[in-house]
Amino acid sequence: MYIEFYRNVVSEGGTSEAFFYAGGSWVLYIVFYYLHGWIFVLADWYGFLDRYAIRSGSKRLPSMKQQWSAIVEATIDTCLIKPLVLYFSYFYVAEPYITFNTLAPSWVVISFQVIACQIVFSTSLFWLHMTLHRVPYLYKHVHKKHHSFHETVGFTAQYSHILESVISALHVVFGVIIVKPHIISYFIFLSLSLIEIVDSHCGYDVPWNWLYLWSDNYPWGSGARSHDYHHSHNLGTYGGGLIGLWDWLLGTDKDFREFELKRTKLEGKKSMIN
């Protein structure tokens, strides 16, 4: 089954594929990363999600100076840097590896391509992230900037050294090169990845997180609780993306699982007393 796609915009409207790819990707960054991140910034400031906050007290949030640092960097990156990077990446990534045509593949094919891209993304994220931690030089000079936030807030997702920003982009690029998705599949894959990275850094364990395929509720999950533990303890749980199986397979989430078991037992005792 085929559906018509962007014919009026690209073919008849005269818009180039480069602008369509870059513009579409940029809009997704604005909506699913930047505006999504602002929801949690406002929640941090005005408290409308406090009941779901993973931590409380003095360790709940970083300083306002740190928060504004992340907000400013996210704003500059989203509004100035990303449009240029996306446009020029068309010639090296999108043009040779993404399919552009006026007909989209079936939703079965699109689903397969999105899942395949996510598997590559999650695998790349785990191994490169673990390398940044386990190679002392890389941690000290590259990854430590990201871990200057011991408390997770949404905009810390891409608060990082420039080399790590490049590495983060490679997680998406690897999936595109290996899978060679249709542009629709790529847009869906990018949207889900942006939603996940903000959610995993947001610092909230919302009750509707069972809707998220990356939720800690699932054995393969690598969501907000596990990543908050990663930032607060700087230990294990290196995975991410929609399929965070590597931590489970290699046991790098052992400390987090033990921590969670103690936490849930303690909360259970408190509820019984109350």
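1. Helix α2 passes helix α7 in a right-handed crossing, where right-handed means that the near helix is turned clockwise from the far one by less than a right angle, and left-handed that it is turned anticlockwise. The contact, meaning heavy atoms within 4.5 Å, involves Phe-20, Tyr-21, Gly-24, Ser-25, Leu-28, Tyr-29, Phe-32, Tyr-33, His-36, Gly-37 and Phe-40 on the α2 side, and on the α7 side its residues include Ile-183, Tyr-186, Phe-187, Leu-190 and Asp-199. By class, the residues of this contact are 15 nonpolar, five polar and one charged; here Ala, Val, Leu, Ile, Met, Phe, Trp, Tyr, Cys and Pro count as nonpolar, Asp, Glu, Lys and Arg as charged, and the others, Gly among them, as polar.

2. On provenance, this is a predicted model, in which local features need pLDDT of at least 70 and side-chain atom pairs count only at pLDDT 80 or more, while totals for chains, interfaces and linings use all residues. Residues are numbered from 1 along each chain as its sequence is written, and side-chain values use heavy atoms, with hydrogens and water left out.

3. Helices (H or I, at least four residues) and strands (E, at least two) are DSSP runs numbered from the N terminus, and the axes are lines fitted to C-alpha atoms, for helices over the stretch in contact, with angles running from 0 to 180 degrees between N-to-C directions.

4. Gly-203, which follows α7, has a positive phi near 85°.

5. How do α7 and α8 pack? Their axes are 7 Å apart at an angle of about 60°, which makes α7 oblique to α8. The crossing is right-handed, and Asp-199, Ser-200 and His-201 of α7 meet Ala-224, His-227 and His-231 of α8. The residues of this contact comprise one nonpolar, four polar and one charged.

6. Helix α4 (residues 107-134) and α6 have axes that come within 8 Å and cross at roughly 145°, and this crossing is right-handed as well. Among the residues that make the contact are Ala-116, Val-120, Phe-121 and Leu-128 of α4, and Ile-167, His-171, Phe-174 and Ile-178 of α6. The residues of the contact divide into 12 nonpolar, four polar and one charged.

7. Two residues deserve a check of their backbone torsions. Most residues other than glycine have a negative phi. Lys-180, in the loop between α6 and α7, has a positive phi of about 55° although it is not a glycine, and at 44% relative accessibility it counts as partly exposed. Thr-237, in the loop between α8 and α9 (245-250), likewise has a positive phi, of about 45°, but at 3% relative accessibility Thr-237 counts as buried.

8. Ala-94, in helix α3 (residues 64-97), is buried with a relative accessible area of 0%. Setting aside neighbours within four places in sequence, Ala-94 is in contact with Tyr-21, Ser-89 and Phe-100, whereas the C-alpha atoms of Ala-94 and Phe-40, 54 residues apart along the chain, are separated by 32 Å.

9. His-233 lies in helix α8 (residues 224-233) and, at 39% relative accessibility, counts as partly exposed.

How values were computed
Buried means under 20% relative accessible area, exposed over 50%, partly exposed in between (1.4 Å probe, protein chains only). Angles under 35 degrees count as roughly parallel, over 145 as roughly antiparallel, 65 to 115 as roughly perpendicular and the rest as oblique.
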